[in-house]
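Me: I have a structure to go through with you. Can we start with how far to trust it and then take it piece by piece?

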Amino acid sequence: MSVPALLDHVVIAGPDLDELVAWFAGATGVTAAPGGVHASTGTANALVALTVEGERRPHYVELIAPDPDGTVEAVKFGIPGLTAPRVVTYAVHPPDLDAVVAASRARGYDPGPVEDLSRRTPDGTLLRWRLTHARADRPDVPFLIDWGTTPHPGLTVGPALDVVAFTPTAVDDRTVAALAPLGLLPGPVSGPGDAAADDVPGHTLRVRRPDGSVVVL
């Protein structure tokens, strides 16, 4: 298995959440659980935990799209330009978010400001976390997240899939220059035959379906 150090979650975005959930279910055999809405960004999500050889770990997939009832335009993750589902970015959870941000800035890469966000789950539970925001122009570089006292979604959400690998489609000098200050190194590049692989920096996600077959997203 090949996944980035401290992987938190993989973000797959699309123009419509219901269609995104249906696409994911068709590809993987697992239907994502409703996650809730992010009122401040006009988005809604659904979640699937990522297990490692069947064992729960703090990893998950977030399917995200515009909130159909939202009053704020959804512009995060390059959503306005998407016509189909796409792996757009990923998050890592460092042991000390503020220390990693400060160290990264000192070494030449600014991951951006740390902000507080929250969402309500369908049962009304308020979840809170801190993060640096993802950059739509840098799908090769993760954003950082700290869940604080909030239970990690990868350990609490019901639906789950086994992760086989999460690997870059390409690595260039900009990727290395950004990952190194964050204390991360690029993983092995996705190999020939990966339908989603190309020469544009990004990532492919391999998961094992309930029937044992492996699919590349």
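Me: What is the average pLDDT of the protein chain?

Reply: This is a predicted model. The chain averages a pLDDT of 89, and 92% of the residues score at least 70.

Me: Where is confidence lowest and where is it highest?

Reply: Helix H4, residues 173–179, has the lowest confidence with a mean of 85, while helix H1, residues 17–28, has the highest at 98. Separately, the pLDDT is below 50 over residues 192–197. That stretch has nine contacts in the model beyond near neighbours in sequence.

Me: OK, on to H1. What should its 12 residues span?

Reply: At 1.5 Å a residue, they should span 16 Å. The end C-alpha atoms of H1 are 16 Å apart, so the model agrees with that expectation.

Me: Which residues of H1 are buried?

Reply: Leu17, Leu20, Val21, Phe24, Ala27 and Thr28. They are on the same side of H1, because they cover an arc of only 130 degrees around the axis.

Me: Why do residues three or four places apart point the same way in an α-helix?

Reply: Because an α-helix has 3.6 residues a turn.

Me: And what do the buried residues of H1 pack against?

Reply: A set of strands: S1 (7–13), S3 (43–52), S4 (55–66), S9 (160–168), S10 (203–208) and S11 (214–216). On the face of H1 turned away from the buried side are the exposed residues Asp18, Glu19, Ala22 and Gly26.

Me: What happens at the start of H1?

Reply: A side-chain oxygen of Asp16 comes within 3.1 Å of the backbone nitrogen of Asp18. After H1 comes Gly29, with a positive phi near 85 degrees.

Me: Switching to S1. How many of its residues are buried?

Reply: Seven of the seven, so S1 is largely enclosed by the rest of the structure.

Me: Which sense does it pair in with S5, parallel or antiparallel?

Reply: S1 and S5, residues 86–92, pair in the antiparallel sense over six bridges. Ile12 has Val87 of S5 as its bridge partner.

Me: And with S4, parallel or antiparallel?

Reply: Parallel, over five bridges. There, Val11 has Glu62 of S4 as its bridge partner.

Me: How many bridges join S6 to S7?

Reply: Seven, between S6 (residues 114–120) and S7, and the two run antiparallel. Val114 stands opposite Thr132 in S7. The hairpin of S6 and S7 has five residues between the strands, and Gly124 takes a positive phi near 95 degrees there.

Me: Is Glu53 buried or exposed, and what about Phe77?

Reply: Glu53 counts as exposed because its relative accessibility is 76%. Phe77 is buried, with a relative accessible area of 10%.

Me: Now Thr51. Which strand is it found in, and which residues does it touch?

Reply: Thr51 is in strand S3. Leaving out residues up to four places away in sequence, Thr51 touches Arg56, Ala160, Leu161, Asp162 and Val163. With Asp162 there is a polar contact of 2.6 Å between the side chains.

Me: Buried or exposed?

Reply: Thr51 counts as buried, at 7% relative accessibility.

Me: How far apart in space are Thr51 and Leu205?

Reply: They are 13 Å apart, C-alpha to C-alpha, and 154 residues apart in sequence.

Me: Last one, Arg138. Where is its place?

Reply: Arg138 is in the loop between strand S7 (126–132) and strand S8 (143–146).

Me: Is that arginine buried or exposed?

Reply: Arg138 is buried, with a relative accessible area of 5%.

Me: What does Arg138 touch?

Reply: Not counting residues up to four places away in sequence, Arg138 touches Arg174, Thr175 and Ala178.

Note on methods
Residues are numbered from 1 along each chain as its sequence is written. This is a predicted model: local features need pLDDT of at least 70, side-chain atom pairs count only at pLDDT 80 or more; totals for chains, interfaces and linings use all residues. Side-chain values use heavy atoms; hydrogens and water are left out. Helices (H or I, at least four residues) and strands (E, at least two) are DSSP runs, numbered from the N terminus. Buried means under 20% relative accessible area, exposed over 50%, partly exposed in between (1.4 Å probe, protein chains only). Contact means heavy atoms within 4.5 Å. pLDDT is the predictor's confidence in each residue, from 0 to 100. The expected span of a helix is 1.5 Å times one less than its number of residues. The arc is that of the directions from the helix axis to the C-beta atoms. A polar contact is a pair of N or O atoms within 3.5 Å; within protein, one must be able to donate a hydrogen and the other to accept it, and residues adjacent in sequence count only if both atoms are side-chain atoms. Two strands pair if DSSP finds at least two bridges between them.
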